[in-house]
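Dear colleague,

Please find the structure below. My notes on what was found in it follow directly after.

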Amino acid sequence: MKDVRYIFAIKEALEEEMERDESVFLLGEDVGLAGGSFGASRDLFKKFGPRRVVDTPISEASLTSMAAGAASCGLRPVVEIMFMDFVTCAMDSIVNQIAKMRYMFGNQFSMPIVVRMPEGAGLNAGPQHSQCLEAWFAHVPGLKVVMAANPYDVKGLLKSAIRDDNPVVFIENKTLHAMKGQVPEGADHLIPLGKADVKRQGSDVTVVAVSRLVNEALRAAADLEKEGVSVEVVDLMTVQPWDKEAVFNSVGKTHRLVIAHEATKQFGIGAEVAASVAEEILDELDAPVMRVGAPFVPIHYSLEKVYVPGVEDVKKAVRATLQRA
Amino acid sequence: MGKPSKETMIDFYRRMVRIRRAEEKLMEVFSAGEILGFLHVSIGQEAAPVGVCAHLRDDDYIGTTHRGHGYAIAKGIELKRAMAELFGRRDGYCMGRSGSMHLADLSKGIMGANGIVGGGIPIVAGAGFAAKYKGTDQVAVATFGDGATNQGTFHETLNLASVMNLPVIFLCENNGWAEFSPRPVHAKIENLADRAASYGMPGVIVKNDVIDIYEACGEAVERARKGAGPTLVEVKCDRWYGHYVGDAQKYRGKEKVDEAMAKDCIKEFEARLLKEKILRPADIEKIETDIRSELEEAVNFARQCPYPGPEEMAAGLYV
Ligand SMILES: Cc1ncc(C[n+]2csc(CCOP(=O)(O)OP(=O)(O)O)c2C)c(N)n1
Ligand SMILES: [Mg+2]
């Protein structure tokens with residue numbers, strides 16, 4: 001194990017998978033010469049050259065569909081979208097094309113493509129540079145959606161995503177890029193897609209979270225422990241397909257559920273988790289399910305701190321579930 | 001359209017200096033942490049906003065980009081409230097919601113900066129469409145960079161505006177860079193104005209000189225106003241301070257940056273005006289002093305404005 005930053009763990013995953021498999025290549029704006037806007041492909045251009053680390057013009061719609069075409073012909077593209085907000089320019093590519101090509105052409109080929117993008121607030125970059133849009137993609141049959149909360153996970157999940165024969169929307173959080181953490185050395189650190197990770201065991205309340213909110217939930221759990229509340233934190237890691245079994249097991253143990261994400265609460269992934277629990281294991285619940293998420297409003301430039309959900313919101317939600325016996 | 005008068009030339013000079021000093025002030029307060037988020041300045045590119053806006057009325061439209069302060073100022077945005085917006089204050093033009101990247105003042109036809117590269121081009125064409133629909137002689141100016149000409153929206157909008165004969169001026173500031181990619185990495189052709197030919201409209205190339213830009217844009221605006229359709233104007237300029245404030249431009253090298261800075265559209269114009277005795281050193285001093293105090297006032301205004309309260313966050317989201 002060694003201590004590395006999240007962004008460096010991404011770089012290692014890309015590098016190892018490119019070494020392992022000649023068909024893996026990187027594509028995106030400023031991924032080559034500049035090494036990526038956030039540094040995810042630093043030095044990879046030098047190492048692999050312009051054939052495999054491909055700088056593109058600002059053309060999200062076409063570069064993403066081009067990757068789809070290449071994937072259907074046997075390559076394994078890893079596309080970088082600089083900010084998640086800009087993926088909206090490539091929605092046809094991802095939703096109409098990439099998600100459906102295999103299915104609508106009768107399973108004639110697979111679509112092994114990863115589209116990476118950082119989401120979230122934290123830079124005061126305003127309404128068009130701070131959004132969390134994972135729920136949109138989780139809603140589209142044919143796509144997988146993965147979100148990693150720390151350097152260990154991001155490396156293992158990204159490597160698995162690249163090896164997966166399905167299209168994966170791989171979502172990072174900008175504020176996590178600088179986060180340091182232990183990451184295994186060697187090329188075989190893989191974390192399976194579709195499996196959640198119980199990041200902390202607890203007996204009173206389950207908090208299901210993704211990405212940055214996993215870390216906020218862990219902080220909340222540490223604080224609440226001092227109040228005598230035992231919180232279990234379940235990191236979904238893969239949002240689509242999500243690990244229902246892990247969530248249901250945890251709720252079966254704690255009988256209380258909070259779901260936390262940075263994305264807008266309304267119609268977010270928390271709604272799907274809550275609805276599934278209500279549909280299938282309602283009797284397990286001792287209290288109404290609480291959700292933590294951003295308010296239903298675009299992200300405000302100077303009120304970002306008020307907007308973004310964090311540790312205090314998780315604590316409040318946990319306490320609320322405990323008040324209803 | 002005749003040659004600009006002496007008074008007009010002095011006015012151009014003053015306007016360019018005002019944009020330069022305003023952005024220098026922004027860099028200063030940004031570095032001090034008083035402005036948050038991203039700051040993209042257009043220092044070295046002041047000629048285009050002044051040259052084009054000289055032809056625009058308050059009821060004409062302009063759309064800008066992440067690098068759009070110059071156009072907003074040239075089109076008549078009030079420095080105080082613009083500064084308040086960048087400071088994230090309630091009295092800013094956008095209620096402190098937007099900062100630099102979405103500065104707008106519809107009362108002056110400033111349709112808003114855009115955080116999405118290429119996102120604003122069709123929106124501006126929509127303003128042109130509205131003018132034509134209403135039968136007015138208003139025009140709309142879409143401004144964007146070289147990098148934006150690789151977005152589908154650029155190509156689609158030029159075609160749309162051309163077949164619909166819209167009163168639009170497409171003004172491309174080719175500063176040779178799209179973030180960290182130099183032009184040859186993102187476009188095979190050196191002259192982006194060549195792209196106009198595919199859409200059946202004139203494509204004009206001008207150097208970074210306020211008079212040249214004034215003249216080229218004058219023709220384009222006249223063409224649009226009389227219903228003869230859109231024009232693509234390409235200004236050859238340079239980006240002095242990197243993509244955003246704080247970009248050390250290591251990928252470019254100091255020599256190249258120094259070379260770019262040696263070609264200064266303001267200094268060159270100033271030298272010409274001095275030589276032709278249109279401007280005296282004392283005039284320059286007066287212009288600088290006036291602008292300095294105007295900017296001090298704007299910053300002081302912004303500093304004392306309150307932040308919006310949390311309860312105002314969603315105000316007016318729906319009508
Ligand atoms: C759709 C989209 N893709 C990428 C970006 C990131 N981005 C912001 S500015 C920029 C470069 C723009 O270059 P250019 O159009 O030449 O304008 P300049 O910055 O030179 O003024 C990029 C890639 C973005 N904001 N929006
Ligand atoms: Mg440019």
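Around ligand 1 there are 22 residues, counted as near when one of their heavy atoms lies within 4 Å of it; the closest are E60(A), H66(B), R67(B), D146(B) and G147(B). This is a predicted model, in which local features need pLDDT of at least 70, side-chain atom pairs count only at pLDDT 80 or more, and totals for chains, interfaces and linings use all residues. Residues are numbered from 1 along each chain as written, chains are lettered from A and ligands numbered from 1 in the order written, and side-chain values use heavy atoms, without hydrogens and water.

Ligand 1 lies between chains A and B. For E179(B), a polar side-chain atom is 3.2 Å from a nitrogen atom of the ligand. The protein covers 96% of the 580 Å² of accessible area that ligand 1 has on its own (Shrake-Rupley method, 1.4 Å probe).

Turning to the chains, the contact (heavy atoms within 4.5 Å) takes 37 residues from chain B and 30 residues from chain A. Together they bury about 2,600 Å², 67% of it on carbon and sulfur atoms; buried area is the accessible area (1.4 Å probe) lost on putting the two parts together, summed over both. Between chain B and chain A there are zero salt bridges (a side-chain nitrogen of Lys or Arg within 4 Å of a carboxyl oxygen of Asp or Glu).

Yours sincerely

Conventions
Polar contact = N/O pair within 3.5 Å; in protein donor to acceptor, adjacent residues only side chain to side chain.
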